[in-house]
Amino acid sequence: MTIPTLVSRLWTEPMTKCLTACFCLIAASGLVLSHLRSINEVGQIGLPAAKRVSALEQRLEVLRQQMEATRAQAALKGDAQEEVIRQTVLPATAELAHILSLFDLLRDHLTQDGLIRSMSEVTVGGVVPASGQDGVEASPISVRFGVTRPGVDAVLLFFELTGFLTVGDALSPSEREQLLILTERENAAGLPALEEFLRTPLLTYARGSQAARDELAKNFGSDQYVSTLERIIQGSRLPQVRFLLGGTFGVALQDAGLWPLRFMTVDRTEITPREDGTFELSLQLSAYSRAAAAQ
Amino acid sequence: MTQTDTATDPPMQTGASLSGALALFSLSLLGLLALSQNFLLPRFTRIPVAGSLLTIDELQEKEETLAVAVEQAESDRRELMLPSRDVIFQDLQDMKLASFSPLNLQRRLREVAAAASGDQPQAVAIQNFLYSSSGSVLRLSGDVSGVGARSMTVLAGFVDLLRAEPFVAELEAPAFVRQESPAGFHSPFTIEVRLRPAALE
């Protein structure tokens with residue numbers, strides 16, 4: 001018996017026909033289920049995903065427009081800040097006279113305010129390559145202060161602010177993020193106003209913090225925005241900046257050509273109480289400058 | 001009964017023709033459904049997004065790509081919020097922001113000491129504070145006094161509160177001792193703490 005004959009014979013058998021029908025019906029029911037699942041997926045997965053994709057596309061477009069606007073604004077303002085950084089914050093040489101003038105001014109003004117009682121000699125070591133930072137050299141500095149309790153905070157804050165130029169620098173990344181989210185929720189078109197606020201020179205802010213905050217707040221109508229903005233600012237370093245630099249000290253720094261402050265880090269801090277109720281604050285610092293190869 | 005007899009038997013003939021019709025119907029149904037599955041269904045289950053029709057798989061892939069692009073754009077925009085500066089300066093700024101602020105650190109420690117002191121103000125007195133940024137090590141020494149015989153318990157409470165702070169990675173507990181002086185019981189301590197990087201802003 002040949003194969004075509006066998007197939008023909010099988011097909012003519014009623015039992016074969018029944019089995020074929022059963023098999024086809026089972027397969028068809030599987031396909032029906034597959035159809036139902038596909039249609040269900042459109043409703044359950046596809047349509048919500050389409051909404052999310054549309055929202056993401058809009059968000060991406062808004063972000064691109066914001067970045068273009070920010071870049072255009074930055075290009076118009078030029079690179080004046082770069083020049084300031086190269087000259088005073090991160091100069092090409094160690095410039096010891098500049099560093100020592102800073103300590104003199106700090107001692108004189110905080111002594112007048114009753115925050116510093118004494119300052120030791122300032123010991124400056126030889127310039128060494130900064131660890132972990134290419135193209136940078138560091139001058140190690142040791143100094144001790146006799147200070148009151150508020151004086152401890154003032155001196156530590158002063159060294160923390162070294163190298164900061166703008167309001168944005170004095171805020172932590174999370175504080176900046178909070179401001180960004182707050183502004184976007186309130187009015188995304190107001191982001192340039194926030195950028196302007198973050199670019200406000202720190203000394204300008206210290207002298208007229210209310211004006212800078214009002215300038216930002218006037219772009220946003222709600223009381224909630226203003227109160228949240230105030231809460232973020234009050235929780236940041238900015239009130240202390242205003243306390244330290246808002247008065248004559250800030251003016252003196254600027255008049256002496258010492259602002260913005262030279263970039264320094266505090267490597268070691270020791271606070272020991274004295275018998276007269278004041279504290280001895282010993283600091284080891286690093287003042288940074290550009291290495292010759294990086295200029 | 002022979003094969004000829006079966007073929008001519010009317011009930012058997014009806015059964016055979018019914019099974020033939022059923023097989024033909026189910027085959028046709030299967031064929032139509034297969035055609036629909038491969039050609040019609042993909043066409044009618046596509047979803048229009050921004051002028052193009054996408055399948056669910058394409059849509060999910062697009063969503064993932066867009067989410068990554070949005071995240072990158074947000075990160076770029078965050079950086080643009082601050083003026084662009086040279087790389088060396090920016091690296092130093094990042095290093096400074098990533099390290100601990102001794103100002104915030106000693107303030108927070110004073111708050112923890114006050115919380116551990118409870119009703120007796122300044123029962124936990126931090127007398128010496130030493131912070132070294134290399135290795136993020138903090139050494140505190142001080143004394144617990146003015147709480148009578150509970151000085152060791154108050155010191156243990158201070159250590160527990162300190163250990164619960166998010167910036168504490170490792171804490172070497174002090175030797176718990178109670179000493180007696182003319183002013184009453186007191187427990188001096190020295191605690192060494194290894195800090196968790198950038199956990200305190």
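Two strands are counted as paired if DSSP finds at least two bridges between them. Helices (H or I, at least four residues) and strands (E, at least two) are DSSP runs, numbered from the N terminus. This tour concerns a predicted model, in which local features need pLDDT of at least 70, side-chain atom pairs count only at pLDDT 80 or more, and totals for chains, interfaces and linings use all residues. Residues are numbered from 1 along each chain as its sequence is written, chains are lettered from A and ligands numbered from 1 in the order in which they are written, and side-chain values use heavy atoms, with hydrogens and water left out.

**Stop 1: strand 4 of chain A and its partners**

Select residues 136–147 of chain A, which form strand 4. Strand 1 (residues 116–119) of chain A runs antiparallel to strand 4 and is joined to it by three bridges; here A:Ile116 stands opposite A:Val147. A:Val124 has A:Ile141 of strand 4 as its bridge partner.

Proceed to strand 3 (residues 128–129) of chain A, antiparallel to strand 4 through two bridges, where A:Pro129 is partnered with A:Glu137. Six residues separate the strands of this hairpin, and among them A:Gly132 takes a positive phi near 80°.

**Stop 2**

Select residues 279–290 of chain A, strand 6, which is joined to strand 4 of chain A in antiparallel fashion by twelve bridges. One pair to display is A:Pro140 with its bridge partner A:Ser286 in strand 6.

Strand 5 of chain A comprises residues 264–273. Nine bridges link strand 5 to strand 6 of chain A, again antiparallel, and A:Pro273 has A:Phe279 as its bridge partner. The two strands form a hairpin with five residues between them, and A:Gly277 in the turn has a positive phi of about 90°.

Now move to the loop between helix 13 (248–255) and strand 5 of chain A, where A:Pro260 lies. The peptide bond joining A:Trp259 and A:Pro260 is cis, with omega about 0°.

**Stop 3: across to chain B**

Which strand of chain B is joined to strand 5 of chain A? It is strand 3 of chain B, which runs antiparallel to strand 5 of chain A and is joined to it by four bridges. Centre the view on A:Ile271, which stands opposite B:Phe129.

Select B:Gln122, in the loop between helix 5 (102–117) and strand 3 (124–132) of chain B. B:Gln122 has a positive phi of about 60° although it is not a glycine. Its relative accessible area is 69%, so B:Gln122 is exposed (buried means under 20%, exposed over 50%, partly exposed in between; 1.4 Å probe, protein chains only).

**Stop 4: surface patches**

Patches consist of residues with over 30% relative accessible area and no salt bridge, like charges being joined within 9 Å and nonpolar side chains (Val, Leu, Ile, Met, Phe, Trp, Tyr) within 5 Å. A salt bridge is a side-chain nitrogen of Lys or Arg within 4 Å of a carboxyl oxygen of Asp or Glu.

Select A:Glu41, B:Asp57, B:Glu58, B:Glu61 and B:Glu64, which gather in a negatively charged surface patch. Helix 3 (residues 56–80) of chain B gives the most to this patch, with four residues. B:Glu64 counts as exposed because its relative accessibility is 58%.

Finally, select A:Leu25, B:Leu22 and B:Phe25, a nonpolar surface patch with about 260 Å² of accessible area together. B:Phe25 belongs to helix 2 (residues 10–44) of chain B and is partly exposed, at 49% relative accessible area.

Key: Accessible areas come from the Shrake-Rupley method with a 1.4 Å probe; for residues, only the protein chains shown count as cover. Lys and Arg count as positive and Asp and Glu as negative; His and the chain ends are not counted. The place of a charge is taken as NZ of Lys, CZ of Arg, CG of Asp or CD of Glu.
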